[in-house]
Amino acid sequence: LVSALSAAMSSAALADSLTVGFSQVGSESGWRAAETSVAKSEAQKRGITLKIADGQQKQENQIKAVRSFIAQGVDAIFIAPIVQTGWEPVLEEAKDAKIPVFLLDRAITVKDDSLYMTVVTADNVLEGKLIGDWLVKEMDGKPCNVVELQGTVGASVAIDRKKGFAEAIAKTPNIKIIRSQSGDFTRSKGKEVMESFIKAENNGKNICMVYAHNDDMAIGAIQAIKEAGLKPGKDILTGSIDGVPDIYKAMLAGEANANVELTPNMAGPAFDALEKFKKDGTLPPKIVRTESKLFLPDSAQAELDKKKDMGY
Ligand code: AHR
C-alpha cells in the first residue's frame, strides 16, 4: 500500500510540474472547439499546465507558436498540424532543445519520424471509405452524381478522406464525383461552395449526394440546398465526418443521412503517452489510433445524448 501510495504521489508530483504547449489549428469547426475544450479538461484532470496557441488556420502561425514554446522551455509540445508538409525545420529545433512533440488528429510527412513521438489520429482513409461504402449500398446500382466538399488544402485528413471515399466508389461506375472543391472545413465556406455546385448543376437537380469532409461543411451545404428549394437528406443525400451535435439534429429532422464519428479526445491519449515517457522513458507506438464508426439516423438521438459529456 505504501509503495502504491508513493508511486501515485510521485506521478501526481510529476504531472504537477509538467507544462505543455499546444499549437491548435484554429476554431474552424464545432469538432475543433470540442477538441480544444477536451484538451483543457484532460490537462486539468492531470494537473498539467496547458498553454494553447490558436494557429488561425495558418501554418506560419503554428511554426511561430512552436518556436515560442521552445523558447519558454515547455516539457512537451502538442501540434494539430494544419497541413501535412513543411514541418522539418521547426521539429529539428524542438529535437535539439530535447522537447518531445506529439501530433494530434492530423499527420505529417517527414523523412525522419523520430522528429515526433507519436500521432494520435483516426484512420481517415477508413472514414472516407465508410461513407463511400454506405453510398454504394444505398444506391444499389442506381446512378448517383456526387459533389465533394474537401477539407483544408494540404491537410492530411482531407487527403485521406478523399482517398478513402474514392476507393470505395471506384468499382461502381454508377457513382461518380462530378465536382470537388475545398470548403476549408468551415460552415460558411461549405455553404458558399455548395451554392456554386448547385448553380452549375441545373439548380442542384443533377446532384444526388454531397460528401463533406466534415460536418460543419455538410451543415453549410444543407442550408444551401434548402435555399435552392430542394430537400436535403432526400433530393440530395449527405454524408460527412465528425459527429457534432448539429449533424445528429439534422439527421433527426431527416436532413442528413450518414455520419462517421471522430472523437474530440485526441489530447487524452497524448497526455497518457507523455506521462509514461516522462516517468520511465517508455516510447509510445508511432500511431495511436482512435475509433471510426458509421452512424445512421436510427441512432442519432442516442448519439446526440452522449455528446453532452464530450466537450460539445
Ligand atoms: O483534423 C480533424 C478535422 O479538422 C475535423 O474533422 C474537422 O472538423 C476539423 O477542422
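**Entry 1: starting point.** I am working from a predicted model, so everything below is read off computed coordinates.

**Entry 2: the parallel sheet.** I looked up the strand order of the sheet that holds S1. It is an open sheet of six strands, S2-S1-S3-S4-S5-S11, and the pairing is parallel. Which strands stand at its edges? I found S2 (49-54) and S11 (287-290) there, each with a single partner strand, so one side of each has no neighbour in the sheet. From one strand to the next, the twist averages 20 degrees.

**Entry 3: helices on that sheet.** I checked H2 and H3 next. H2 lies across S1 and S2, and I get about 160 degrees between H2 and S2. H3 (residues 59-72) also packs on the sheet, where it touches S1, S2 and S3. The direction of H3 makes about 170 degrees with that of S1.

**Entry 4: strand S3.** I went through S3 (residues 76-79) face by face. Ala-76 and Phe-78 are buried on one side, and Ile-77 and Ile-79 are buried on the other, which leaves both faces covered. S1 (residues 19-24) runs parallel to S3 and is joined to it by four bridges. I noted Gly-21 opposite Ile-77 in that pair. S4 (residues 101-104) also pairs with S3 in the parallel sense, over three bridges. What stands opposite Ile-77 in S4? It is Val-101. Further along, Ile-79 stands opposite Leu-103.

**Entry 5: strand S5.** How many of the five residues of S5 (residues 118-122) are buried? I count five of the five, so S5 is largely enclosed by the rest of the structure. Thr-118, Val-120 and Ala-122 cover one side, with Val-119 and Thr-121 on the other. S5 runs parallel to S4, with three bridges between them, and parallel to S11, with four. I picked out Val-120 in both pairings: it is the bridge partner of Leu-104, and it stands opposite Val-288 in S11.

**Entry 6: the mixed sheet.** I moved on to another open sheet of six strands, ordered S7-S6-S8-S9-S10-S12, where the pairing is mixed. S7 (175-182) and S12 (293-295) each have a single partner strand, so one side of each is left without a neighbour in the sheet. The twist here averages 20 degrees from one strand to the next. Within it, S9 (residues 237-242) and S10 (residues 258-261) run parallel and are joined by four bridges. I found Ile-241 opposite Val-260 in S10. Helix H8 (residues 215-227) lies across S6 (144-150), S8 (209-212), S9 and S10, and runs at about 155 degrees to S9.

**Entry 7: the ligand.** Which residues surround the ligand? I listed Glu-28, Ser-29, Trp-31, Arg-32, Asp-105, Arg-106, Val-157, Phe-185, Asn-214, Ile-241, Asp-242 and Leu-262. The elements giving two or more residues to this shell are H2 (30-46) and S9. I sorted the shell by class and got five nonpolar, two polar and five charged residues.

Terms used:
Residues numbered from 1 in each chain as written. Predicted model: local features only at pLDDT ≥ 70, side-chain atom pairs only at ≥ 80, totals over all residues. Buried ≥ 20, exposed ≤ 12 C-beta atoms within 10 Å, placed from the backbone. Pairing = 2+ DSSP bridges. Axes fitted to C-alpha atoms, helices over the stretch in contact; angles between N-to-C directions. Contact = placed C-beta atoms within 7 Å. Near = placed C-beta within 6 Å. Nonpolar A, V, L, I, M, F, W, Y, C, P; charged D, E, K, R; others polar.
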